[in-house]
Amino acid sequence: MSKCFPLLPGCVAGFDGMGRFLLYIKSTVLLVFGYFNICLITADILAAPVNVTVRHLQANSAVVSWEVPDGDAVIGYAISQQRKDVRMLRLIQEVNTTTRSCMLWDLEEDTEYTVHVQSISLAGVSPVSEPISFRTAKEAEKLALKGNRTF
């Protein structure tokens, strides 16, 4: 046995190095040896999405995109969006999709937001991605950009 540890007086247990658990009980009446097979069941744990970016920033919308580590069997995503100055959280959940982006809408102009992305699989949900912060544009900036066009 590779590792032994006492359980109670007269009782020793340990692993035999071949995936079996050995239980040795000694008493004045009975001497018992027993082997138990140990089977470890492990599930693949999803990794958090990586390279989360925010692009196409407008006064009232933005697009969040991300990548998934190779080998993860993903069936959907959960995107959480939070304004910096408010405790309210918006959660967008998409399943049965392979898309790697999501449009955030109904945002307030010139406001700072933080987003996280999680992968969803049949086994559960991944940890959240690293937080990404961004600020929406001002409506005046958007109008100024339109006014500077030359035809």
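The side chains of Ser65 and Thr53 form a polar contact of 2.8 Å. A polar contact here is a pair of N or O atoms within 3.5 Å; within protein, one atom must be able to donate a hydrogen and the other to accept it, and residues adjacent in sequence count only if both atoms are side-chain atoms. This is a predicted model, in which local features need pLDDT of at least 70 and side-chain atom pairs count only at pLDDT 80 or more, while totals for chains, interfaces and linings use all residues. Residues are numbered from 1 along each chain as its sequence is written, and side-chain values use heavy atoms, with hydrogens and water left out.

| Partner side chain | Distance |
|---|---|
| Thr53 | 2.8 Å |
| Arg55 | 3.4 Å |

Ser65 sits in strand E6, residues 62-67. Strands (E, at least two residues) and helices (H or I, at least four) are DSSP runs numbered from the N terminus. Ser65 counts as buried because its relative accessibility is 12%; buried means under 20% relative accessible area, exposed over 50%, and partly exposed in between, with a 1.4 Å probe and protein chains only. Leaving aside neighbours within four places in sequence, Ser65 is in contact (heavy atoms within 4.5 Å) with Asn51, Val52, Thr53, Arg55, Arg100 and Ser101.

Most residues other than glycine have a negative phi. His56 has a positive phi, near 55 degrees, and lies in the loop between strand E5 (50-55) and E6. The phi of Asn96 is also positive, near 55 degrees. Asn96 belongs to the loop between strand E8 (89-95) and strand E9 (101-104), and at 73% relative accessibility it counts as exposed.

The protein as a whole has 12 strands and 1 helix, and from the N terminus the order is β-β-β-β-β-β-β-β-β-β-β-β-α. Of its 151 residues, 29% are buried. Among contacts with a separation of 6 or more, 46% join residues 24 or more positions apart.

Which residues line the largest pocket? They are Gln81, Gln82, Arg83, Val86, Met88, Arg90, Asp106, Glu108 and Tyr113. A pocket is an open set of points, on a 1 Å grid over the protein atoms alone, where a 1.4 Å probe fits, with protein on both sides within 12 Å along at least five of seven lines; lining residues have an atom within 4 Å of a point. Strand E7 (residues 76-83) gives the largest share of the lining, 3 residues.
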